[in-house]
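I set out to record what could be looked up about charged pairs and a helix contact. My entries follow in the order in which I made them.

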Amino acid sequence: MPHRSRELVEVYALEIISRSQAIQEKCKRLLSQDFTSQTPKSLAKTLISICLYLEAAVKSIFKSINWENVSDKENEASLLKLQGVDFRICELGAHVRYVDGATTQKLPWSIIKPIEKYIQSLIPEKTIMLRVQWKHNYSVITTDICELYNDYLYEYKDIVEEYSLEKVFKDFNKPFHIISFPSLERKNILLHCLFSHEIGHLISNKYFNNDRRDKFVNKIWKRINDIVLSTFSMVPGQKSLFAPVHIQTKITQELTRAKNAWERGLEELLSDIIGVLLFGPAMLFSTLEMAIQDDMDRPPDLTNNFYPPWRLRLREMLKVIQNSSQEFFPLQKNIFTVKTADSVNKRFEAIKNIVQDESDREKIQNDPILKVAYKEVGENIVEAQKYYQEQLKDLIIKPSILYKRMSHFIDRIDNGIPPNADENSIDDREPATIVEIINAAWFHKISWEDDIFNKNGCFDENICKKRDIMNRLTLKAIEYANLEKEYRDYYSK
Amino acid sequence: MTALAKSQIKEYMERKSIRERLIVTPLIDNSESFDAASVNVRLGSEFIIMQKQSFPILDIADKEGLPSRIEKYHEKIRINYGEQFVLHPNRLIIGSTLEYISLPKKLMCYVVGKSSWGRMGLIIATATKVDPGFKGCITLEIINEGEIPIVLYPGVPIAQLVFHEIIGEGDYTGNYGYATGPLFPEFSKNYDKWKFWYQGGQISQY
């Protein structure tokens with residue numbers, strides 16, 4: 001057969017190796033660029049090592065082919081193996097974009113190290129890399145990339161002699177995940193606290209084990225069955241020969257839909273809750289900013305990856321804020337300025353009004369499958385929330401701590417100074433935390449957000465400059481606070 | 001003109017009202033922040049470097065071409081703390097103080113290079129006056145006038161601020177306020193104001 005001719009297979013092997021070398025070349029070029037942290041460099045180096053490994057696999061596979069007997073089944077398998085390597089290499093080629101999006105110039109560099117350190121304190125067993133993406137969304141790759149790459153190479157370990165898997169993964173020995181920021185929001189530091197939602201995904205995925213999934217399916221199976229049967233009983237021709245097949249297919253489909261709605265709904269809501277537990281009001285305000293871009297009541301379906309409606313998400317987050325043992329809201333005027341307290345309280349009331357409207361619930365209730373799935377979501381979330389409150393108890397933000405120095409930080413931003421530290425005197429100064437800085441910036445921003453358009457409806461052109469200054473001061477504050485802490489840690493050792 | 005002594009500088013830095021306070025932040029290690037009559041400031045981590053190979057001439061009267069082509073002339077880079085920046089002889093880079101400064105309306109300051117660096121041929125600032133009311137990181141024009149390359153590390157003390165009280169009050173209204181890193185000049189903003197001086201536009205080369 002022509003495609004099995006030695007010449008064609010040789011050409012194919014050459015092309016696979018060339019693709020691998022193109023990835024290595026690109027990674028080497030990226031390694032000469034500036035990165036804020038070592039993590040993207042580790043990924044680039046690992047991609048190079050994986051490509052070298054796969055290249056060795058190609059050579060070994062080619063060598064194993066017996067050209068005297070090309071129709072042999074073993075040779076057929078070798079050709080399939082070559083295609084398998086090629087497929088892996090092409091996939092790896094797409095992963096170069098992760099490194100490319102993590103260069104200093106593309107990222108909000110001043111917050112990368114502090115965020116990485118913050119994540120490290122939450123999930124020390126994992127490595128997280130941050131990068132930008134052109135898609136306007138915050139996202140996380142919950143699949144362990146380290147494990148994925150190990151799987152890529154594992155099947156070739158018996159035919160590659162030059163490299164060991166240990167050597168390939170020497171810089172890459174912990175579960176590895178990537179959090180992506182929208183490139184357009186590079187400087188919009190206030191929105192970046194949404195990364196805590198993405199961390200929430202990595203923390204909450206422990207909740208979804210197969211036992212829990214099975215338990216859910218066993219619990220709802222009967223109800224889904226009844227719903228489908230009742231629907232079919234209304235359709236004319238239900239006694240046709242193929243009706244049982246149709247019914248069974250429909251039950252399977254609806255069961256899958258219910259499972260997706262339940263799992264994705266719970267995943268997102270738990271991540272939101274973890275985000276609020278860690279970042280407090282800032283997380284609530286950031287989510288509102290994303291929610292406002294979308295239909296707040298859009299029910300979960302396949303086209304929106306089963307995202308729960310924004311209104312529901314805000315409602316669950318608000319519950320966490322309100323159920324806190326101490327009160328976040330209303331802000332007290334003896335702690336904050338009247339302007340700040342009034343504006344932030346007004347925003348809080350606006351969110352309360354949004355979630356009082358039950359239009360999202362109505363849409364879910366009108367769909368019998370979603371109704372079943374979300375009944376379970378409601379029950380599970382109470383249990384999961386308790387669990388995570390216990391797990392994260394030392395990191396949960398409390399108003400008594402968050403608000404202690406906040407008015408000083410807001411005052412600094414109001415006066416064009418980065419809110420990096422509480423500076424009572426030259427000798428008495430304490431760096432702010434990333435949570436304090438972002439919350440202070442949010443409270444500052446909300447305090448002037450009703451002045452964007454004047455009474456005549458004209459846009460205040462200076463407001464963009466004001467927003468830009470606020471973002472710059474906040475980014476700088478996070479960099480300063482982290483640097484000061486690192487300096488102190490270095491000399492206290 | 002009298003300069004503020006250390007005790008007076010500290011007094012300004014500890015004033016209750018944030019508006020009247022002199023702010024130099026972060027004071028990462030105050031044991032090396034103060035001299036007898038100045039505050040030491042460190043080198044920031046962002047730099048603007050010039051790419052002369054891609055820019056034939058810098059003409060501030062070129063209203064159309066300058067803003068678009070200037071991007072080719074300079075590149076902003078960031079060096080991590082702990083990493084090196086090698087400055088070759090006769091090379092100009094734009095850097096900034098690590099510290100963010102907020103001057104009250106009663107104070108102005110001068111940026112003066114540290115003598116240790118000066119002895120190595122490093123010139124720190126050429127436009128050294130900072131007006132009252134200024135807020136931001138101070139841009140530094142850094143030139144290696146020495147014979148050999150000099151390694152710079154972000155975070156090391158590189159210059160000092162000498163403060164003076166002014167008679168009356170002043171408030172900064174320039175283009176470089178609230179800077180959090182080095183800024184390149186925006187001459188195109190002054191085009192209309194300076195148009196008179198650009199008439200003719202003939203080049204006399206010397």
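**Salt bridges and a helix crossing**

I began with helix α11 (residues 310-323) of chain A, where Glu316(A) and Lys319(A) are three residues apart and therefore separated by about one helical turn. The model I consulted is a predicted one. I found that Glu316(A) forms a salt bridge with Lys319(A), with 3.0 Å between the closest N and O atoms. I then looked up the accessibility of each partner. Glu316(A) counts as buried because its relative accessibility is 8%, under the 20% limit. Lys319(A), at a relative accessible area of 35%, is partly exposed.

**A pair in helix α8**

I turned to helix α8 (residues 210-233) of chain A, which holds both Lys222(A) and Asp226(A). These two residues are four apart, about one turn of the helix. Their side chains form a salt bridge, and I recorded 3.2 Å between the closest N and O atoms. Are the two partners buried, partly exposed or exposed? Lys222(A) is partly exposed at 48% relative accessibility, and Asp226(A) is also partly exposed, at 35%.

**A pair of sequence neighbours**

I looked up Lys170(A) and Asp171(A), whose side chains meet in a salt bridge at 3.8 Å, N to O. Lys170(A) counts as exposed because its relative accessibility of 55% is over the 50% limit. Asp171(A) has a relative accessible area of 34% and is partly exposed.

For the whole structure, I noted that the search over all chains finds 51 salt bridges.

**Helices α12 and α17**

My last entry concerns helix α12 (residues 338-356) and helix α17 (residues 434-448), both of chain A, whose axes come within 8 Å and cross at roughly 90 degrees. That angle makes α12(A) roughly perpendicular to α17(A), because angles of 65 to 115 degrees are counted in this way. I then listed the residues that make the contact. From α12(A) they are Lys339(A), Thr340(A), Ser343(A), Val344(A) and Arg347(A). From α17(A) they are Trp442(A), Phe443(A), Ile446(A) and Ser447(A). Sorting the contact of α12(A) with α17(A) by class, I recorded four nonpolar, three polar and two charged residues.

Key. Residues numbered from 1 in each chain as written. Chains lettered and ligands numbered in written order. Predicted model: local features only at pLDDT ≥ 70, side-chain atom pairs only at ≥ 80, totals over all residues. Heavy atoms only, no water. Axes fitted to C-alpha atoms, helices over the stretch in contact; angles between N-to-C directions. Parallel < 35°, antiparallel > 145°, perpendicular 65-115°, else oblique. Contact = heavy atoms within 4.5 Å. Nonpolar A, V, L, I, M, F, W, Y, C, P; charged D, E, K, R; others polar. Salt bridge = Lys/Arg side-chain N within 4 Å of Asp/Glu carboxyl O. Buried < 20%, exposed > 50% of the residue type's maximum accessible area, 1.4 Å probe, protein only.
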